Amino acid sequence: MNKKKFFHISREQWKRALNKVMVSAVSFIASIVIVGIVIWISGYSPIETYVSMVKGAFRSQTSIALVFSEATPLLFTGLAFAIAFRVRLVNVGIEGQMMMGALVGAIVGHFVTFLPHIPHVFFTMLIAGLTGMVIALFIGFLKVKLGANEVIISMMLNSIFTYIGSYLANGPLRAKVTGVAQTEIIQETALLSKLVPKSQLTTGYLIGLFIAIVLAFILDQTVLGYKIRIAGNNRIAGETYGIKATKLYYIAFMISGFVAALGGSIMTQGPITRFSDGAVAGYGFQGISVAALGAYNPLGVIFSSFLYGVLRAGSYTVNRTTNIPYEFVDVIQVMVVVFVSAPQIIFSVKKWFKKRKTAKPKHLPDSPAPAPDQNQ
Amino acid sequence: MQIVSMHNITKIFPGTKALDSVNLSLGEGEILSLLGENGAGKSTLMNILYGIHHPDEGEIFFREKQVDIRKPMDAIHLGICMVHQHFMLVPAFSILDNIIAGAEPKFGPLIDRKKAYDRVKGLIDKFHFNLDPNVKVSELSVGEQQRVEILKALYRDAKVLILDEPTAVLTPGEVDDLLEMMRNLRRSGTSIIIITHKLRETLAVADRIMVLRNGVLIRDDIKPEDTNIEELAHLMVGHSINLDLHREAEHVGEVGFEVRDLSITENGVQKLNNINFKIHKGEIVGVAGVEGNGQTQLLEAITGLASPDSMTVMLNGEPLTGDAYSFLHRGVVHVPEDRLSMGLVPDLSLKDNAILGHHDKPFAAKHGLVQKENIAAFTEKCIREFNVKTPNSDVLARALSGGNQQKLIMARALSEESEVLVVAQPTRGIDVSASEYIHEQIFQYRDKGKCVFLVSADLDEVYQMSDRLLVLFNGEIVLECKPQDYTKEELGEFMLGARKKESIPFAKEADD
């Protein structure tokens, strides 16, 4: 096939993509500004803070490695959330799925001793991923067959899994010589290789990139991706023409759960090396923000997870030099979700600017705003 | 005296001039009919009067005082009310509650229900609306719901009533009632603007007719007694139009599609009871009936979308079973009744929409990969052959006008080999030229020796298009006939259940 045509992007598609990038960019900038005001109220210069953050994030090879290693778990959970959201499913269960992935990764990584390096790495990831897939499938089953709300089910399951993990790390699987609740360190054969020596950055990040590209390919180039787009945009029209939404719910949930749990395992097989209580807590929820900023597009998620990586890595520097707590990055992430899921805010700001610019007010028809929070 | 006058109204939407210096005047107690195709600017003009849009240029006068109408509340305060095509009622509320919502008479912090009831009842009696204010809206027929909408306006002291396509969903009897109601309102001094494509009704009720075309006022001084349907159609479209649709079937062959023993129960209610019919090759079988008498269930059953209690479908003598997918792939193509919710995915491109249902045919998919070049070519073919007006095939489906959306859906259904076309409400809310085009395509399809099953709430349409007509009432086929054997008024009686015929001679004849 002609390669040029294969990746042909028309003007309309460009326009729509630019619009999405605009929404994300404005959301991000608006969040930065608002958090900047908070920093200013706390008595620091927001500009200096941000400048030192960015400088801190890019000052050395080690700090750049930190950016990417901070981005790694967010890349996985962001992808997991985004793919489910393409069929308008809100999989907040990625928090629990990732945790179970991390736990299963620790178990397989520690107790399987007969495999050589590479097979052991992949076997661990596979089993962890399948665990997440089964959990997500269970949520899908409850939704499709019993009409349960996937958000509530996932939230409940998150708690259950957190306590299961906590119990195992405190009880049966607790490491012998340690004071805290954690499992034994996994076998060296199950550890991912480091990309930068003495950093926390592993080949896990590359696996994340690979998965993002695969997902982007699926969405854009395959019939499965076409069906996902149809079912996610208009379920009824899909069913009228023989595309069963329930089947796609299962598939999207399975992919989502697999990717989330894989991310958990990659954390275990990378920087953490064992499962400990709360080690991967919070990444699942942050994934929502990552996905939203990435416009629920796998390639967009690569960028948004990188941006958050910069913020997180930089915030460590800021935290060392000032007493601004690095939790303010969480505030930025939350603000982004607010702005991205309410694009009307951005459109009205845009309108307001236009009105001020033109002497004669020009009334545009209501912008056809993408409404990603329109769930059925 | 003029109650409303609009001067030199111009409205520009990005890329188009929706209205170009249009004038409108409306006298007290006058019924003005606003005619025009979709996109002619009728709705824009009315939305400006109602405060939904703001004109770029021009002035509006109410009782000879200049007014600035910025939002619908401003219009309502002046006494300008609009009844939309899609009713805005709460089905679970009573008629009374729907009418007073937002303008409740108060007794301290409470609603003064007694006063509200008296006032609403008074209005109902005055205009002979024949409604009980305590009945829930969900129990009302479409015609009755429309009366509630009109009452809502009257309750708010409407001096000017704008009716947007009021007859689109009504049976002939209900249309007559509505026209009578409008005359009553006129007598009491209410001015009415009626937006419509239905020329017959315009002639029957209007005092004056105004025609818009492409945002330009063509004429606003037409008296119904001095004109006729052909002239109005000509003025609207700009060229003459063939209004007599009917075309004899050229060659009616053997039975191509047959449905037997179709019954459906939903939530304990029998929606369809023992439906049997056949469609011969080269024949259009139409279903007439008031909406809600089982048409939706019938369409869902024969396209595989619903699973009935009992049904046997034969396609070319072979049984057809399964879900929507199997029906589609055996050649039963479907143009669903609701364009935007069932027929299209508005937020996806025309290409994505064009292959909906064809998405795993060899031209569109190979080894699970979408064939973008073939899809683009297929979409271009659909656009070209069905004359869909669009800048390109990458725009979103929602950007097209209703008529072009429907053409795209028709193109999608007919562009691949098929045996049976099941088409519902093919021209609802679509302008005259697009309708004519779509009807022509349906006839051409029939004359290729295919079966067509047509359901429409527009009796004129089924009456003129069908070679054989089924009348559906309360989930049963109460009449099967050749349309020319009955008048529309007689059919209306069957549609309302006022007449029932026991023997169906034509059905027997068709068996041979």
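What follows is a short exchange on helix packing and domain contact in a predicted model.

Author: Residues are numbered from 1 along each chain as its sequence is written, and chains are lettered from A in the order in which they are written. In this predicted model, local features need pLDDT of at least 70, side-chain atom pairs count only at pLDDT 80 or more, and totals for chains, interfaces and linings use all residues.

Reader: What makes α8(A) roughly perpendicular to α9(A)?

Author: Helix α8 (residues 204-221) and helix α9 (residues 223-233) of chain A pack at about 75 degrees, axes 5 Å apart. Angles of 65 to 115 degrees count as roughly perpendicular, under 35 as roughly parallel, over 145 as roughly antiparallel, the rest as oblique. So α8(A) is roughly perpendicular to α9(A).

Reader: Which residues make the contact of α8(A) and α9(A)?

Author: A:Ile218, A:Leu219, A:Asp220 and A:Gln221 of α8(A) meet A:Leu224, A:Gly225 and A:Ile228 of α9(A). Contact requires C-beta atoms, placed from the backbone, within 7 Å.

Reader: How do the residues of that contact of α8(A) with α9(A) divide?

Author: Four are nonpolar, two polar and one charged. Asp, Glu, Lys and Arg count as charged; Ala, Val, Leu, Ile, Met, Phe, Trp, Tyr, Cys and Pro as nonpolar; the others, Gly among them, as polar.

Reader: How is chain B divided into domains?

Author: Domain 1 is 2-237 and domain 2 is 255-511; such bounds come from an automatic or database domain assignment. Their centres, taken over C-alpha atoms, are 32 Å apart. The contact takes 13 residues from domain 1 of chain B and 18 residues from domain 2 of chain B.

Technical notes. Axes fitted to C-alpha atoms, helices over the stretch in contact; angles between N-to-C directions. Helix = DSSP H or I, 4+ residues; strand = E, 2+ residues; numbered from the N terminus. Contact = placed C-beta atoms within 7 Å.
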